[in-house]
Amino acid sequence: MSLVEDKQLFKNFIKSSPLSNEEINDIVENRFIKTASTNIREIAYQHETQELRTRFNNNTVYLYEKVSPREFKEFVSSKSLGSYFHDRIRFKKKFKKVD
């Protein structure tokens with residue numbers, strides 16, 4: 001499968017999330033999008049490597065490994081990004097500070 005086909009499959013997969021078309025395009029291209037969370041300023045996701053990057057309000061960026069596309073979709077679809085993040089990603093996924 002080509003990279004273009006893979007990106008299109010991922011794009012179709014997350015279309016049922018509450019993200020706008022512009023946000024979906026940014027996510028597919030691994031660009032940060034702003035969030036409504038009180039602690040997480042922005043997120044970016046690389047579906048090929050299953051890496052989630054989070055930029056917190058204090059401007060620190062962390063990379064979380066092995067966040068599946070399903071987990072990412074649940075994360076962005078959750079009522080509270082912060083609660084989902086703390087319950088299912090933070091300290092449960094291997095992570096490192098970047099930047």
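Helices (H or I, at least four residues) and strands (E, at least two) are DSSP runs, numbered from the N terminus, and two strands pair if DSSP finds at least two bridges between them. The model shown here is predicted, so local features need pLDDT of at least 70 and side-chain atom pairs count only at pLDDT 80 or more, while totals for chains, interfaces and linings use all residues. Residues are numbered from 1 along each chain as its sequence is written, and side-chain values use heavy atoms, with hydrogens and water left out.

**View 1. Strand 3 and strand 4 run antiparallel, joined by four bridges.** Look for Thr-54, which stands opposite Tyr-62 in strand 4. The hairpin of these two strands has four residues between them, and in it Asn-59 takes a positive phi near 75°. Here is a handy idea for looking at strands: in a regular strand the side chains alternate between the two faces of the sheet.

**View 2. Strand 2 (residues 40-46) and strand 3 are also antiparallel, with six bridges joining them.** Find Glu-42 and follow the pairing to its bridge partner in strand 3, Arg-55. Four residues lie between the strands of this hairpin, and Gln-50 has a positive phi near 55° there. Glu-42 and Arg-55 also belong, together with Lys-34, to a network of salt bridges; a salt bridge is a side-chain nitrogen of Lys or Arg within 4 Å of a carboxyl oxygen of Asp or Glu.

**View 3. Thr-60 lies in the loop between strand 3 (51-56) and strand 4 (61-64).** Is Thr-60 buried or exposed? Its relative accessibility is 17%, so Thr-60 counts as buried; buried means under 20% relative accessible area, exposed over 50%, and partly exposed in between (1.4 Å probe, protein chains only). The side chain of Thr-60 makes a polar contact with the side chain of Asn-58, at 2.7 Å. A polar contact is a pair of N or O atoms within 3.5 Å; within protein, one must be able to donate a hydrogen and the other to accept it, and residues adjacent in sequence count only if both atoms are side-chain atoms. Leaving aside residues up to four places away in sequence, Thr-60 touches Thr-54, Arg-55 and Lys-97, where contact means heavy atoms within 4.5 Å.

**View 4. Asp-99 lies in the segment after strand 5 (95-98).** With a relative accessibility of 80%, Asp-99 counts as exposed. Which residues does Asp-99 touch, not counting those up to four places away in sequence? They are Arg-55 and Val-61. Asp-99 and Phe-56 are 43 residues apart in sequence, and their C-alpha atoms are 12 Å apart in space.

**View 5. Glu-71 and Lys-93 form a salt bridge, with their closest N and O atoms 2.9 Å apart.** This pair links distant parts of the chain, 22 residues apart: Glu-71 is in helix 3 (residues 69-77), and Lys-93 is in the loop between helix 4 (81-88) and strand 5. Glu-71 is buried at 15% relative accessibility, and Lys-93 is buried at 16%. The structure holds seven salt bridges, and another of them joins Asp-26 to Arg-31, also with 2.9 Å between the closest N and O atoms. Asp-26 counts as buried at 18%, whereas Arg-31 counts as partly exposed at 42%.

**View 6. Glu-74 and Arg-88 meet through their side chains in a salt bridge (3.6 Å, N to O).** Glu-74 in helix 3 and Arg-88 in helix 4 are 14 residues apart, so to speak a link between distant parts of the chain. Both residues are partly exposed, Glu-74 at 31% relative accessibility and Arg-88 at 45%.

**View 7. Phe-56 and Tyr-62 form an edge-to-face ring pair.** Their ring centres are 6.0 Å apart and their planes lie at 75°. Rings of Phe, Tyr and Trp (its six-membered ring) pair if their centres lie within 6.5 Å; planes under 30 degrees apart count as stacked, over 60 as edge-to-face and the rest as tilted. Phe-56 is buried, with a relative accessible area of 15%, while Tyr-62 is partly exposed at 21%. Ring pairs link Phe-56 and Tyr-62 into a cluster with Tyr-64, Phe-75, Tyr-84, Phe-85, Phe-91 and Phe-95.
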